[in-house]
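Please consult the sequence and the model while reading.

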Amino acid sequence: MKGLLIVISGPSGAGKGTICKALLEENDFWISVSATTRQPRAGEVDGANYYFLTKEEFKKRIDYDDFLEYAEVYGNYYGTPKSNALKAIENGRDVILEIDIQGALKVKESYPEGVFIFILPPSMEELKNRIINRASETPESLMTRFKSAYKEINYVSKYNYAVVNDTVEEAVKKIHSIIVAERCRVDRVKDKILDSKEGIIHEQLYD
Ligand code: 5GP
């Protein structure tokens, strides 16, 4: 069976990065490393956190149609390299993209069978605290991120699932449940089941 394309997005400060890290610690997901034109933050490693590119390099890759999606976020470009993610899905791996909302909506157009999960903060107050506690941001970028986070929450209705990030542990459990449910969806498994005279291919659904 093909793997799932799981798109995790939501406003800045909702905790999607922490959730994805926790998901990866326990599971054999394939996480896509994005390309970006923003400067690396302290401790970030090229090829692990992001592929750090110049604007020219990034634009060349757009011209070569190398991205599944790309978007301009807070003045920098971010994009999901296409070929490795699609290959991993073909090979049965579940692929996670942690991307912004514009990017998620673009993926939804080209890959509607993806699983689109919106991460919500427990409250706007908590969202503000989380953004403020990011030492890497300047006061201006804090304000920009908070304002756009406020607007972005309206996009939740475009997603398949909404997960409130009260605690990372609970949010991760909910995402696991979503993935198990998605693997059981009739539109994903009906061909296999109908092809199999033996009946349901149990291990493929619950592995
Ligand atoms: P940061 O600069 O804090 O690492 O990321 C800023 C925003 O860009 C976050 O919302 C993050 O999810 C988003 N982002 C990271 N990679 C990608 C990508 O490949 N595509 C898109 N559209 N957004 C991305």
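Strand β6 (residues 76-81) is joined to β5 by six bridges, and the two strands run antiparallel. The model is predicted: local features need pLDDT of at least 70, side-chain atom pairs count only at pLDDT 80 or more, and totals for chains, interfaces and linings use all residues. Residues are numbered from 1 along each chain as its sequence is written, and side-chain values use heavy atoms, with hydrogens and water left out.

**The sheet**
- Helices (H or I, at least four residues) and strands (E, at least two) are DSSP runs, numbered from the N terminus, and two strands pair if DSSP finds at least two bridges between them.
- Strands of a sheet pair through backbone hydrogen bonds, either parallel or antiparallel.
- An open sheet is formed by four strands in the order β4-β3-β6-β5, with mixed pairing.
- The edges are held by β4 (51-52) and β5 (67-73); each has a single partner strand, so one side of each is left without a neighbour in the sheet.

- Which residue of β6 is the bridge partner of A71? That partner is Y78, while E69 stands opposite T80 in β6.
- The hairpin of β5 and β6 has two residues between the strands, and Y74 there takes a positive phi near 50 degrees.
- Five of the seven residues of β5 are buried, where buried means under 20% relative accessible area, exposed over 50%, and partly exposed in between (1.4 Å probe, protein chains only).
- Helix α3 (residues 82-90) lies across β5 and β6, at about 35 degrees to β6; axes are lines fitted to C-alpha atoms, for helices over the stretch in contact (heavy atoms within 4.5 Å), and angles run from 0 to 180 degrees between N-to-C directions.

**Cysteines**
- The structure holds zero disulfides, a disulfide being a pair of cysteine sulfur atoms within 2.5 Å.
- C20 is buried, at 2% relative accessible area, whereas C184 is partly exposed, at 29%.

**The ligand**
- The ligand is surrounded by 16 residues, of which the closest are S34, R38, Y50, Y78 and D100; a residue counts if one of its heavy atoms lies within 4 Å.
- Y50 places a polar side-chain atom 2.5 Å from an oxygen atom of the ligand.
- An N or O atom in the side chain of Y78 is 2.5 Å from a ligand oxygen atom.
- For R145, a polar side-chain atom lies 3.3 Å from an oxygen atom of the ligand.

Notes. Polar contact = N/O pair within 3.5 Å; in protein donor to acceptor, adjacent residues only side chain to side chain.
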